[in-house]
Structure formats: C-alpha cells, structure tokens
Amino acid sequence: MILKLIIFAVAGLLIYKFFGGKFPTLAKNPQEKKLDEDTLVECAKCSTYVTIKESIVVNGKYYCSQECAN
Ligand SMILES: [Zn+2]
C-alpha cells in the first residue's frame, strides 16, 4: 500500500516536471500565456503588427511572414 503511494507520488512528480513545474489548469496566472500569444509585435522589416503566435522569430526579431524573415 505504501509502495503504491510512493510510486504514485513519483509519477506525479515526473508529470509535474514534464509540464515545466506548473500545470496549465493550476498556473498562477492562466491568462498570462494567452496574453503573450495575443500580444502584438512589430515586424522588423515592414513594420506590420502581428500577434506573437503568428509571428516568426529570427535572431530575437519578430517578422510578420516568412517572406520578411528571409
Ligand atoms: Zn513584415
């Protein structure tokens, strides 16, 4: 019985580590990730504003499209 509990605890810890130390549903600020993805960034080439999730990051700079990133 105790062995089962230990295995469960270790498995839980591994899953916890797998998610980078925080579960999506238990995150301190669940909207933080969403906010980051929807944050507008300026294309380094044509100055078009795109959301981070739609942008392409090359050498720390944001680009609106693959065309601008080249
Ligand atoms: Zn661009």
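## Overall picture

Among contacts in the protein between residues at least 6 apart in sequence, those joining residues at least 24 apart make up 3%. The model is predicted. The protein has 70 residues, of which 6% count as buried.

Its secondary structure consists of 3 helices and 4 strands. Along the sequence these elements follow the pattern α-α-β-β-β-β-α.

## Residue C64

C64 lies in a loop, with β4 (61-63) on one side and α3 (66-69) on the other. Because 21 other C-beta atoms lie within 10 Å, C64 is buried; the cut-off for this class is 20 or more.

Leaving out residues up to four places away in sequence, C64 touches C43, C46, T48, V50 and S55.

## Residue V58

V58 belongs to strand β3, which covers residues 56-58. V58 has 13 C-beta neighbours inside 10 Å, so V58 counts as partly exposed. A residue would be exposed with 12 or fewer such neighbours.

When residues up to four places away in sequence are not counted, V58 touches Y63 and A69. V58 and N70 are 12 residues apart in sequence, and their C-alpha atoms are 9.1 Å apart in space.

## Summary of the two residues

C64, in the loop between β4 and α3, is buried. V58, in strand β3, is partly exposed.

Conventions. Residues numbered from 1 in each chain as written. Predicted model: local features only at pLDDT ≥ 70, side-chain atom pairs only at ≥ 80, totals over all residues. Helix = DSSP H or I, 4+ residues; strand = E, 2+ residues; numbered from the N terminus. Contact = placed C-beta atoms within 7 Å.
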